[in-house]
Amino acid sequence: TFKQSVIGTFQNLVGEVEVMDHPLPMDGLAAGGYNGQIEIKADNMSVRLNLIPGFWTAKADADIELDAGLIATGPKGRLVGTRASGRGHESSDAGSMCSGATVAIGHASESAMKDLLGELGERFSNAPQVRPSATH
């Protein structure tokens, strides 16, 4: 799922991740002993599915685009705010009753999610505000 993929991606980047139902207020970060919080909101998913008839079989061609935003906040305020998109494409045999379309959509969704989270993770980890300063 998207949630599990986000958790896995950011555990690799920051170590420990605790999932919350809602963002903490600024004073709640320090009070809870947190170094910061990362909010990720997926807000758009576009799906394009083409079924291409053939002589004996049909082909399912799926394109997925996912959009999400990331806000990272530390004890002193916002550290990073960014948006990214991920894209995925898959073609498969449509199968009987076009059941292969779900395979194409599933694989394209996985690719789009991987692309999106890779981009968000890279932007987060490359932001100088979230890296410990070498002078401190």
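Tutor: Let us start with one residue and its surroundings. Leaving out residues up to four places away in sequence, Ala58 touches Ile52, Pro53, Ser92, Asp93, Ala94 and Gly95. Please bear in mind that this is a predicted model.

Student: What makes these residues count as contacts of Ala58?

Tutor: Contact requires heavy atoms within 4.5 Å. Ile52, Pro53, Ser92, Asp93, Ala94 and Gly95 are therefore listed as touching Ala58.

Student: Why is Ala58 called partly exposed?

Tutor: Ala58, which lies in strand E2, has a relative accessibility of 25%. Buried means under 20% and exposed means over 50%, so the value for Ala58 falls in between and the residue counts as partly exposed.

Student: Where is Ala58 in relation to Ala101?

Tutor: Ala58 and Ala101 are 43 residues apart along the chain, and their C-alpha atoms are separated by 10.0 Å.

Student: Why is Thr73 called buried?

Tutor: Thr73 is also part of strand E2, which covers residues 58–74. Its relative accessible area is 9%; the limit for buried is under 20%, so Thr73 qualifies as buried. Beyond its sequence neighbours up to four places away, Thr73 touches Met26, Leu29, Gly36, Gln37, Arg78 and Leu79.

Student: How do you know whether Gln37 is buried or exposed?

Tutor: Gln37, in strand E1, has a relative accessible area of 13%. This is under 20%, and Gln37 is therefore buried. Outside four places in sequence, the contacts of Gln37 include Pro23, Leu24, Ile71 and Thr73. Gln37 and Lys76 are 39 residues apart along the chain, with 12 Å between their C-alpha atoms.

Student: What makes Arg87 an exposed residue?

Tutor: Arg87 belongs to strand E3 and has a relative accessible area of 52%. From Arg87 to Asp67 the C-alpha distance is 9.0 Å, across 20 residues of sequence.

Student: Which residues have the most contacts inside the largest nonpolar core?

Tutor: They are Leu66, Leu70, Leu116 and Leu120, in a core of 22 residues. H1, E2, strand E3 (77–93) and H3 each give two or more residues to this core, and H3 gives the most, with nine. In soluble globular proteins, nonpolar side chains tend to be buried together.

Student: What lines the largest pocket, by class of residue?

Tutor: The pocket has a volume of about 1400 Å³. Of its 41 lining residues, Glu18, Gly36, Gln37, Ile38 and Glu39 are the closest to its centre. The lining has 23 nonpolar, 10 polar and eight charged residues. Helix H1 (2–14) supplies the largest share, seven residues.

Student: How do you know how much confidence the predictor places in this chain?

Tutor: The chain averages a pLDDT of 88, and 95% of the residues score at least 70. Confidence is highest in E2, at a mean of 94, and lowest in helix H2 (residues 26–31), at 86.

Conventions:
Residues are numbered from 1 along each chain as its sequence is written. This is a predicted model: local features need pLDDT of at least 70, side-chain atom pairs count only at pLDDT 80 or more; totals for chains, interfaces and linings use all residues. Side-chain values use heavy atoms; hydrogens and water are left out. Helices (H or I, at least four residues) and strands (E, at least two) are DSSP runs, numbered from the N terminus. Buried means under 20% relative accessible area, exposed over 50%, partly exposed in between (1.4 Å probe, protein chains only). On a 1 Å grid over the protein atoms alone, a cavity is a set of points where a 1.4 Å probe fits but cannot get out, and a pocket is an open set with protein on both sides within 12 Å along at least five of seven lines; lining residues have an atom within 4 Å of a point. Grid points are joined across faces, edges and corners, and a volume is the space filled by probe spheres set on the points. Ala, Val, Leu, Ile, Met, Phe, Trp, Tyr, Cys and Pro count as nonpolar, Asp, Glu, Lys and Arg as charged, and the others, Gly among them, as polar. pLDDT is the predictor's confidence in each residue, from 0 to 100. A nonpolar core is a set of buried Ala, Val, Leu, Ile, Met, Phe, Trp, Tyr and Cys residues joined through side-chain atoms within 4.5 Å.
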